[in-house]
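User: I am new to this structure. Please walk me through a few of its features.

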Amino acid sequence: MRRYLEVIRSPHLGAMFAASLLARLPIGINGLAIVLLLRAETGSFAVAGAAAGALALGTGIAAPFAARVIDAAGRRVLPMLAVVHAAGLGAIVALAGPDAHAAPLIACATIAGAAFPPASSVVRVQYPVLLRDRPHLLQSAFALDSVLTEGIFTIGPLITAALVATVAPAAALLVSAVAVLGGTFALVAALPPVVPRVQERTGGRLGALAAPGIRTLALTMFPVGFAFGALEVAIPAFADAEGRPELAGVLIAVWSVASLLGGLAYGAMPRRGSLARVHLQVALALPLSFLPLALAVSPATMALLVVPAGVLIAPMIATRNELAGKVALAGTETEAYTWPLTALVGGIAFGAATSGALSDATSWQVAVLVAAGAAALGALLATARRATLVPAT
């Protein structure tokens with residue numbers, strides 16, 4: 001853990017990690033909180049699901065363009081986005097009620113999602129800058145970043161559940177609004193001073209996608225996201241088939257904890273080989289770790305099998321993020337970090353929908369095999385385009 005302590009103790013980084021964790025907390029709160037609030041107020045899962053989906057879609061589509069504005073105009077854009085996002089969440093709370101119409105709720109959710117500040121990308125841009133004198137810590141910084149992201153997806157739902165049980169679903173969205181405001185303003189304050197530099201933005205209308213490496217990362221992360229989304233449905237489908245649906249959350253939690261531990265282990269070890277090579281090795285091993293899940297015959301065996309299926313996820317995300325910064329064109333770095341994430345989120349949504357249909361029509365085992373196949377496709381695409389993942393010298 002010495003490397004992680006060095007990262008956190010580096011100037012600006014400790015405060016940036018703390019602030020970005022708060023700013024990103026809504027990622028783990030919003031979707032579930034919107035579903036619970038609108039289901040309770042409108043009595044309709046259809047309206048609740050549509051609003052939650054609109055928020056996720058808004059974030060996924062708008063994130064690269066919000067990041068492009070930040071690359072051009074600077075960090076002052078972040079607080080403005082946070083205010084709009086918080087206002088959108090407040091509007092959902094205000095509009096929710098027995099007579100609420102779906103259209104305004106979906107519109108507010110879309111606006112809130114589109115305005116979500118890309119704090120993750122802003123922070124990741126700073127790692128190579130702040131650690132330029134200690135490049136051996138870059139791997140640990142990106143690994144810690146991926147671990148924090150896993151933590152958000154664990155902590156966020158727990159906070160939501162606690163607030164729903166003790167106060168009301170609306171309280172979770174209000175806490176989310178406060179978190180994004182406080183975290184974003186704190187992040188802007190924690191960022192290092194801007195160093196003036198003469199640098200023309202490259203990429204033209206394509207922006208960050210003008211870089212072949214960014215196109216490769218986006219292209220390959222969609223099938224990987226599909227695999228993640230498919231497994232997020234296939235594992236609960238397995239629990240239901242076993243007559244123990246209540247264990248679905250436990251199995252998903254074990255899977256997430258395995259990812260977290262895998263990320264910590266990856267960041268603590270010295271890298272052997274180039275970053276691109278390590279990324280390809282993880283990508284090729286990922287589908288192999290998913291295949292054994294189809295052999296589960298009991299909740300106990302599934303709990304054991306999800307561990308190796310989880311340990312490579314955080315390293316996959318960490319190497320992807322670090323690569324994005326290395327292959328990005330000058331002046332497009334913030335945007336560059338968002339495109340692979342947008343592709344991943346899109347893949348998760350598509351994979352979850354497909355896996356649900358497959359589980360109903362065939363079996364959960366088929367959904368697992370399709371997930372492994374999608375991850376394998378991502379690995380093959382990355383291997384075929386591996387030359388684009390090597391930074392130009």
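User: Which residues form one aromatic cluster?

Analyst: This is a predicted model. The structure holds eight aromatic pairs. One cluster is formed by Phe17, Tyr127, Phe142 and Tyr337.

User: Are the rings of Tyr127 and Phe142 stacked, tilted or edge-to-face?

Analyst: Their centres lie 5.1 Å apart, and pairing requires centres within 6.5 Å. Their planes meet at 90°, and over 60 degrees counts as edge-to-face. So the pair is edge-to-face.

User: Which helices does that pair link, and how many residues apart are Tyr127 and Phe142?

Analyst: The pair links distant parts of the chain. Tyr127 sits in helix 7 (residues 119-130), Phe142 in helix 8 (residues 138-166). The two are 15 residues apart.

User: Is Tyr127 buried or exposed?

Analyst: The cut-off for buried is under 20% relative accessible area. Tyr127 has a relative accessible area of 0%, so Tyr127 is buried.

User: Is Leu57 buried or exposed?

Analyst: Leu57 lies in helix 4 (residues 45-73). With Ile61 and Phe65, Leu57 forms a nonpolar surface patch of about 310 Å² accessible area together. Exposed means over 50% relative accessible area. Leu57 has 54% relative accessibility, so Leu57 counts as exposed.

User: What should helix 5 span, and how far apart are its end C-alpha atoms?

Analyst: Helix 5 (residues 77-95) has 19 residues.

User: Which helices do the buried residues of helix 5 pack against?

Analyst: Those buried residues include Val77, Leu81, His85 and Ile92. The buried residues of helix 5 pack against helix 3, helix 4, helix 6, helix 7 and helix 9.

Methods: Residues numbered from 1 in each chain as written. Predicted model: local features only at pLDDT ≥ 70, side-chain atom pairs only at ≥ 80, totals over all residues. Heavy atoms only, no water. Phe/Tyr/Trp six-rings, centres within 6.5 Å; stacked < 30°, edge-to-face > 60°. Helix = DSSP H or I, 4+ residues; strand = E, 2+ residues; numbered from the N terminus. Buried < 20%, exposed > 50% of the residue type's maximum accessible area, 1.4 Å probe, protein only. Patch = residues over 30% accessible without salt bridge, like charges linked within 9 Å, V, L, I, M, F, W, Y side chains within 5 Å. Areas by Shrake-Rupley, 256 points an atom, 1.4 Å probe, with all protein chains shown as cover. Salt bridge = Lys/Arg side-chain N within 4 Å of Asp/Glu carboxyl O. Expected span 1.5 Å × (residues − 1). Contact = heavy atoms within 4.5 Å.
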